[in-house]
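Dear colleague,

I am passing on the structure we spoke about, and below it I have set out what was found in it. Please read the notes with the model open beside them.

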Amino acid sequence: MHLETFIPAFLMFAVLGLVLPVILSNMSMAGRLVNPQDDRADSSEAPSEASVYDQIGGAPAMDAAVDVFYRRVLADAYVLPFFQGVDMTKQAAKQKAFLTMVTGGPHNYTGKDMREGHKHLVKMGLNDSHFDHILMHLRATLAELGVPENLIQTIIGVAESTRDDVLDR
């Protein structure tokens with residue numbers, strides 16, 4: 001895969017990127033990102049008060065989720081054309097910053113908004129079926145990383161809420 005194809009993917013993922021942070025919960029567990037033995041009863045913070053970013057494991061989890069997600073996306077011939085010429089290193093960094101922000105982590109995202117960032121892709125033919133493919137990869141990434149279904153649903157819901165902006169309608 002070319003790094004130049006990563007930028008358009010990053011923009012698409014920024015919309016869907018809300019799901020990835022949930023994926024990378026606890027990097028210390030081999031093969032699983034979410035620690036099933038995480039007992040928040042001893043914590044002074046109620047589980048509902050913890051951000052999705054914190055629930056999935058913060059920066060290490062976000063890094064892992066974005067990496068797995070883009071590996072999946074760039075292996076999909078149906079959406080790959082939207083990533084041609086994209087610097088994937090920059091794309092991944094922007095995606096991580098965006099996802100961190102929208103999942104309740106530190107606000108360091110300085111990229112374009114969803115509508116502006118994807119307009120050129122819509123001109124290339126980006127449509128609902130492509131958006132659905134990206135959501136599918138996001139869901140699969142989160143499941144692979146062991147994110148609980150309730151968090152996957154939350155993340156997919158946030159990603160879905162960006163559909164009209166990403167598709168410029």
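Among the contacts in the protein with a separation of 6 or more, 82% are accounted for by residues 24 or more positions apart. Please bear in mind that this is a predicted model, and that the values below are computed from it.

As to secondary structure, the protein holds nine helices and zero strands, so that, in the order counted from the N terminus, its elements read α-α-α-α-α-α-α-α-α.

Turning to the interior, buried residues make up 48% of the 169 residues in the protein. The largest nonpolar core has 37 residues, of which Tyr70, Val73, Phe83 and Leu138 touch the most other members. At least two residues of this core are supplied by each of helix 3 (52–56), helix 4 (58–74), helix 5 (88–102), helix 6 (114–123), helix 7 (128–144) and helix 8 (149–160), and the largest share, seven residues, comes from helix 4.

Threonine 103 lies in the loop between helix 5 and helix 6, and it counts as buried because its relative accessibility is 6%, where the cut-off for buried is under 20%. A polar atom of the side chain of threonine 103 lies 3.2 Å from the backbone oxygen of threonine 100.

With best regards

Methods: Residues are numbered from 1 along each chain as its sequence is written. This is a predicted model: local features need pLDDT of at least 70, side-chain atom pairs count only at pLDDT 80 or more; totals for chains, interfaces and linings use all residues. Side-chain values use heavy atoms; hydrogens and water are left out. A nonpolar core is a set of buried Ala, Val, Leu, Ile, Met, Phe, Trp, Tyr and Cys residues joined through side-chain atoms within 4.5 Å. Buried means under 20% relative accessible area, exposed over 50%, partly exposed in between (1.4 Å probe, protein chains only). Helices (H or I, at least four residues) and strands (E, at least two) are DSSP runs, numbered from the N terminus. Contact means heavy atoms within 4.5 Å. A polar contact is a pair of N or O atoms within 3.5 Å; within protein, one must be able to donate a hydrogen and the other to accept it, and residues adjacent in sequence count only if both atoms are side-chain atoms.
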